[in-house]
Amino acid sequence: KCDVKELSKLDDSSKRYSDVFSDAWYKNAVDYVSTKGLMNGMSADTFMPDTTMTRAMLVTVLYRMEGTPKVEGGNPFDDVKGGEWDSGAITWAAANGIVNGTSANSFAPMDEITREQMAAILYRYAGEYKKYDVSARADLTSFPDYKEVSDYAKDAFAWASSEGLVNGS
């Protein structure tokens with residue numbers, strides 16, 4: 001977890017990014033993830049804060065949060081090439097039960113991550129990998145589209161909502 005005192009001690013990493021302005025609502029978050037090594041910019045001088053997160057990006061952040069542990073086992077996905085920036089993270093996440101593919105042999109690393117997928121990955125990361133209590137559930141009827149939540153994601157989405165990771169309008 002991150003607190004305000006910790007944020008005040010961070011380097012002002014966002015200054016190197018020409019697209020992160022000092023008054024941007026996300027500036028402290030960019031400083032945090034940059035200083036902690038959880039995210040890199042999209043180039044040496046751009047962060048691209050409006051870019052949609054991909055499945056590979058989320059898994060890479062989790063992998064880096066864990067200190068880039070040694071990867072055990074082989075890569076189970078045909079669409080994840082070895083030696084790429086995301087291959088170690090995806091292989092680690094699959095080996096630890098954090099991710100499933102979009103099919104038996106596909107991970108779809110460059111696909112934009114959906115709210116359901118994000119909730120499911122965070123749910124498995126918290127429960128399976130970190131062994132946190134993930135029993136809390138929110139009432140999903142506050143979401144106008146709650147009936148559209150896929151069966152595989154209902155528990156994960158209810159948990160993520162209860163934790164404030166997703167919210168309805």
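Me: By class, how many nonpolar, polar and charged residues does the lining of the largest pocket have?

Reply: A word on the source comes first: this is a predicted model, in which local features need pLDDT of at least 70 and side-chain atom pairs count only at pLDDT 80 or more, while totals for chains, interfaces and linings use all residues. Residues are numbered from 1 along each chain as its sequence is written, and side-chain values use heavy atoms, with hydrogens and water left out. On a 1 Å grid over the protein atoms alone, a pocket is an open set of points where a 1.4 Å probe fits, with protein on both sides within 12 Å along at least five of seven lines, and lining residues have an atom within 4 Å of a point. Here the lining has 27 nonpolar, five polar and seven charged residues, where Ala, Val, Leu, Ile, Met, Phe, Trp, Tyr, Cys and Pro count as nonpolar, Asp, Glu, Lys and Arg as charged, and the others, Gly among them, as polar.

Me: What volume does the largest pocket have, and which element gives the most to its lining?

Reply: A volume is the space filled by probe spheres set on the grid points, which are joined across faces, edges and corners, and for the largest pocket it is about 1,800 Å³. Of the 39 lining residues, the closest to the centre are Val33, Met39, Met53, Leu58 and Val61. Helices are DSSP runs of H or I with at least four residues, numbered from the N terminus, and α3 (55-65) gives the most, with seven residues.

Me: Is α5 mostly covered or mostly open?

Reply: Buried means under 20% relative accessible area with a 1.4 Å probe, protein chains only; by that criterion α5 (115-129) is mostly covered, since eleven of its 15 residues are buried. One of them is Ala119, which counts as buried because its relative accessibility is 2%.

Me: Which residues is Ala119 in contact with, leaving aside its neighbours within four places in sequence?

Reply: Contact means heavy atoms within 4.5 Å, and Ala119 has such contacts with Ala156, Phe157, Trp159 and Ala160.

Me: Where is Asp19 found, and is Asp19 buried or exposed?

Reply: Asp19 is found in the loop between α1 (4-8) and α2 (27-35), and its relative accessible area of 18% makes it buried. A polar atom of its side chain lies 2.6 Å from the backbone nitrogen of Met48.

Methods. Helices (H or I, at least four residues) and strands (E, at least two) are DSSP runs, numbered from the N terminus. Buried means under 20% relative accessible area, exposed over 50%, partly exposed in between (1.4 Å probe, protein chains only). A polar contact is a pair of N or O atoms within 3.5 Å; within protein, one must be able to donate a hydrogen and the other to accept it, and residues adjacent in sequence count only if both atoms are side-chain atoms.
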